[in-house]
Amino acid sequence: MIEYGMNYYDKLAQALAEHIWIVLLAMIISLAIAAAFTVLCSLSRMAAGLLLPVFSVIYSVPSLAMRALFIPLSGLGTTTAIVVLVIY
């Protein structure tokens with residue numbers, strides 16, 4: 001494993017950078033959406049009553065299954081990863 005890392009350092013570094021970028025972008029989008037929903041739910045009991053059960057159901061779906069559900073919609077790639085990370 002160490003030998004592989006030494007032989008393919010450039011590919012591993014590129015994959016790590018891509019992974020960090022995907023996670024960072026998903027976190028920024030998630031925080032913006034969460035902040036908006038938090039304000040909405042704190043201002044409206046009706047919104048909280050509608051959104052919280054929906055999000056509870058979404059959260060109960062395993063992340064790997066969620067990714068499998070989104071593959072037909074957006075294919076394999078960065079878009080699917082970001083969408084699933086934002087939703088989860």
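This is a predicted model: local features need pLDDT of at least 70, side-chain atom pairs count only at pLDDT 80 or more; totals for chains, interfaces and linings use all residues.
Local features need pLDDT of at least 70 and side-chain atom pairs count only at pLDDT 80 or more, while totals for chains, interfaces and linings use all residues. Residues are numbered from 1 along each chain as its sequence is written, and side-chain values use heavy atoms, leaving out hydrogens and water.

**View 1. Helices α2 and α5 cross.** Here helix α2 (residues 9–43) and helix α5 (residues 78–87) have axes that come within 9 Å and cross at roughly 40°.

**View 2. Side by side: the residues where α2 meets α5.** Look in α2 for Glu 18, Ile 22, Val 23, Leu 25, Ala 26, Ile 29, Ser 30 and Ile 33, which meet Thr 78, Ala 81, Ile 82, Leu 85 and Val 86 in α5 (contact means heavy atoms within 4.5 Å). The residues of this contact are 10 nonpolar, two polar and one charged.

**View 3. Phe 37 and Phe 55 form an aromatic pair.** The ring centres are 5.2 Å apart with 55° between the planes, a tilted pair (centres within 6.5 Å; planes under 30 degrees apart are stacked, over 60 edge-to-face, the rest tilted). Phe 37 lies in helix α2 and Phe 55 in helix α3 (residues 45–60), so the pair ties together parts 18 residues apart in sequence. Phe 37 is partly exposed, at 31% relative accessible area, and Phe 55 is partly exposed too, at 34% (buried is under 20%, exposed over 50%, partly exposed in between, with a 1.4 Å probe and protein chains only).

Definitions and conventions: Axes are lines fitted to C-alpha atoms, for helices over the stretch in contact, and angles run from 0 to 180 degrees between N-to-C directions. Helices (H or I, at least four residues) and strands (E, at least two) are DSSP runs, numbered from the N terminus. Ala, Val, Leu, Ile, Met, Phe, Trp, Tyr, Cys and Pro count as nonpolar, Asp, Glu, Lys and Arg as charged, and the others, Gly among them, as polar. Rings of Phe, Tyr and Trp (its six-membered ring) pair if their centres lie within 6.5 Å; planes under 30 degrees apart count as stacked, over 60 as edge-to-face and the rest as tilted.
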